[in-house]
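Here is a short briefing on one protein chain. Look at the sequence and the model first, then read the points below.

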Amino acid sequence: PSYEREKSAFTKRYFDILKKLSKKAKEIIVATDYDIEGEVIGWNVLRFICKQNSAKRMKYSTLTSEELQKSFSNLQPELNWGNAYAGETRHFLDWLYGINLSRALMSAIKTTGSFKILSIGRVQGPALKIIVEREHEIQKFKSKPYWQVIALSDGIHFTHPRDIFDSSVLDKFKEVKKAMAKTKKSEESISPPVPFDLTTLQREAYRLYKMNPSETLTIGQKLYLDGLISYPRTSSQKIPKEIEPKKILKALEKYFPEAKNAKKNTPVEGKKSDPAHPSIYPTGEFNQLNGKEEKLYNLIAKRFIACFSDDAKTANKRIILTAQDTKGKTLTYSISNSAKIKKMNEEGEEIEENEEFELKKEIDITFTASGLEVLNKGWTSFYPIKLEENILPDMDGKKNIDEIKILDKETSAPPRYSAASLVSLLEKKNLGTKATRSAIVDTLFARGYLDGKSIQATQLGIRLIEALEKYSPIIIDENLTRQLEEEMEKIQQGTDNFEKKELAVIEKAKRLINDISKEFKVKESNIGQELLKGIEHQRSTERENNTLMPCPTCKAGSLRIIYSKKTRRQFVACSNYPNCTQ
């Protein structure tokens, strides 16, 4: 029992009351959150305190009175054994990896005569490796000059659609005086965004309000416990009929007038689903909220309303200017052996790439301008997104080019991750779970491996990954972690032989950790020396950051911020102690 450990003594009264009540109970129903973690908690209480093998199960996604009563009236005959065994398997794997490999790291540090609490885990390692690899990309990046060419005609700015990396072709643009204009028109319907799963909620909350993923999950959990939204730890982007969405929309009309116009019978939905829970949605109940809780609740409510609202409609206009000489012939320039120039977003996705040519290729000199007029705002009239209108006149036929502007540019290094984009990337790579990814990022910060809102690997984090890459790369192999995740998913989705499958995964992990440990032990001192460099750099940086000013009393030392392990408080004192007691 947890209460046998000093820090968990407070749990004894829960343990005792559950044990007392279970002895008198004729029937036991597990009503914990319907997910992997909730199933394991319920199963542990059932077998270790109540001494029962199984029980009936309530399944619900909101804590409203109506849904809880409905769930109680429609009990499942037993636990969700797939969730239970998959969750227990994950606990064993995380413990085996974390306790053994973290201890190995600290043992390596001890060989240097130093000490620091370090940790590495089944997902922690690959996650940190992703950030360190991005840091290396940024450090190695060498910017290249390029040019952007703008043409002005009738007071409108037109842009050449290609970036120019060969300065020798710029003279061709300077010759442009005339062009043939052509206007293309189209109308577009812009569908509402799909319902929120946890990851998309975390990304959107960061985009709009700079809430980090852990904060979003914490606030979402509170809104759920208050009965205002459905269970937030979901990977679903579906709105099932069973939740009676029209009834929810009717209840929302009192606080969100836009819900009156949400008349679609079939909502917009995404591809992702979750067998345990639907997407995140408002229950229709309401409490007075303030601050970030209000912002997040309003965002969830408006996203839900948007899914049943009209598309936004826009009139789009694209004007193309094709440069011509005095005889009406299209002007061109040639490029050859163009290097690939990659541009990446925060998640490491490639968003643009120049073509690569073995032979010369003639490119037409064209310029474009895009216009947009909103015909019907639809869902964008209330959801926090803005359509930027840009009204352009029709332009067709011959036009004069009034001016050519050539803008000097330089390629940029790939951007660092934000906490939200990193959580999203971990999901795409199937590393961790929807409930644990934000906590993993927090742990990496707590261990001193990461720093900054725009996430940057510290020297300690970089040295750790470099040491493991050199001496024990399997610890940070994301493919191995992904394989284990997939095996746990098979347990979760299975229908039988749960215990046998669990034992097979755990035995495989034990053999693997034994092999890693043997290899690690041989190279322990080398790993320790690599880690020591990162620790010393971090301590030096901390001392520098904590140094405030020269000591006005002794003049020999400096006033520094010092943390007392005994009192757990910070204070300012002279570094020349005990010679100076300032």
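Predicted model: local features only at pLDDT ≥ 70, side-chain atom pairs only at ≥ 80, totals over all residues.

Residues are numbered from 1 along each chain as its sequence is written, and side-chain values use heavy atoms, with hydrogens and water left out.

**The whole chain**

- The chain has 16 helices and 18 strands. Both are DSSP runs numbered from the N terminus: helices are H or I with at least four residues, strands are E with at least two.
- Its C-alpha atoms fill a box of roughly 95 × 70 × 55 Å, taken along the principal axes.
- Of the 582 residues in the chain, 45% are buried. Buried means under 20% relative accessible area, exposed means over 50%, and partly exposed lies in between (1.4 Å probe, protein chains only).
- Take the contacts in the chain with a separation of 6 or more: residues 24 or more positions apart account for 75% of them. Contact means heavy atoms within 4.5 Å.

**Salt bridges**

- The whole structure holds 32 salt bridges. Each is a side-chain nitrogen of Lys or Arg within 4 Å of a carboxyl oxygen of Asp or Glu.
- Asp-94 pairs with Arg-122, and their closest N and O atoms are 2.9 Å apart. Asp-94 sits in helix H4 (residues 81-110) and Arg-122 in the loop between H4 and helix H5 (124-140), so the bridge ties together parts that are 28 residues apart in sequence. Asp-94 is partly exposed at 36% relative accessibility, whereas Arg-122 is buried at 3%.
- Arg-416 pairs with Glu-135, with the closest N and O atoms 2.6 Å apart. This bridge links distant parts of the chain, 281 residues apart: Arg-416 is in the loop between strand S13 (403-410) and helix H11 (419-428), and Glu-135 is in helix H5. Arg-416 is partly exposed at 24%, but Glu-135 is buried at 3%.
- Arg-207 pairs with Glu-204, the closest N and O atoms being 3.0 Å apart. Both residues lie in helix H7 (residues 198-209), three residues apart, which is about one turn of the helix. Arg-207 is partly exposed at 42%, while Glu-204 is buried at 12%.
- Shared partners join Arg-90, Asp-94, Arg-122 and Glu-485 into one network of salt bridges.

**A helix pair**

- Helix H9 (residues 245-252) packs with helix H10 (residues 291-307) at an angle of about 125°, and their axes are 11 Å apart. That makes H9 oblique to H10. Angles under 35 degrees count as roughly parallel, over 145 as roughly antiparallel, 65 to 115 as roughly perpendicular, and the rest as oblique.
- Pro-245, Ile-248, Leu-249 and Leu-252 of H9 make the contact with Tyr-297, Phe-304 and Ile-305 of H10.
- The contact has seven nonpolar, no polar and no charged residues. Here Ala, Val, Leu, Ile, Met, Phe, Trp, Tyr, Cys and Pro count as nonpolar, Asp, Glu, Lys and Arg as charged, and the others, Gly among them, as polar.

**A loop residue**

- Thr-234 lies in the loop between helix H8 (213-225) and H9. Is Thr-234 buried or exposed? At 0% relative accessibility, Thr-234 counts as buried.
- Neighbours within four places in sequence are left aside here: Thr-234 is in contact with Asp-197, Leu-198, Asp-274, His-277, Pro-278, Ser-279, Ile-280 and Lys-434.

Terms used: Axes fitted to C-alpha atoms, helices over the stretch in contact; angles between N-to-C directions.
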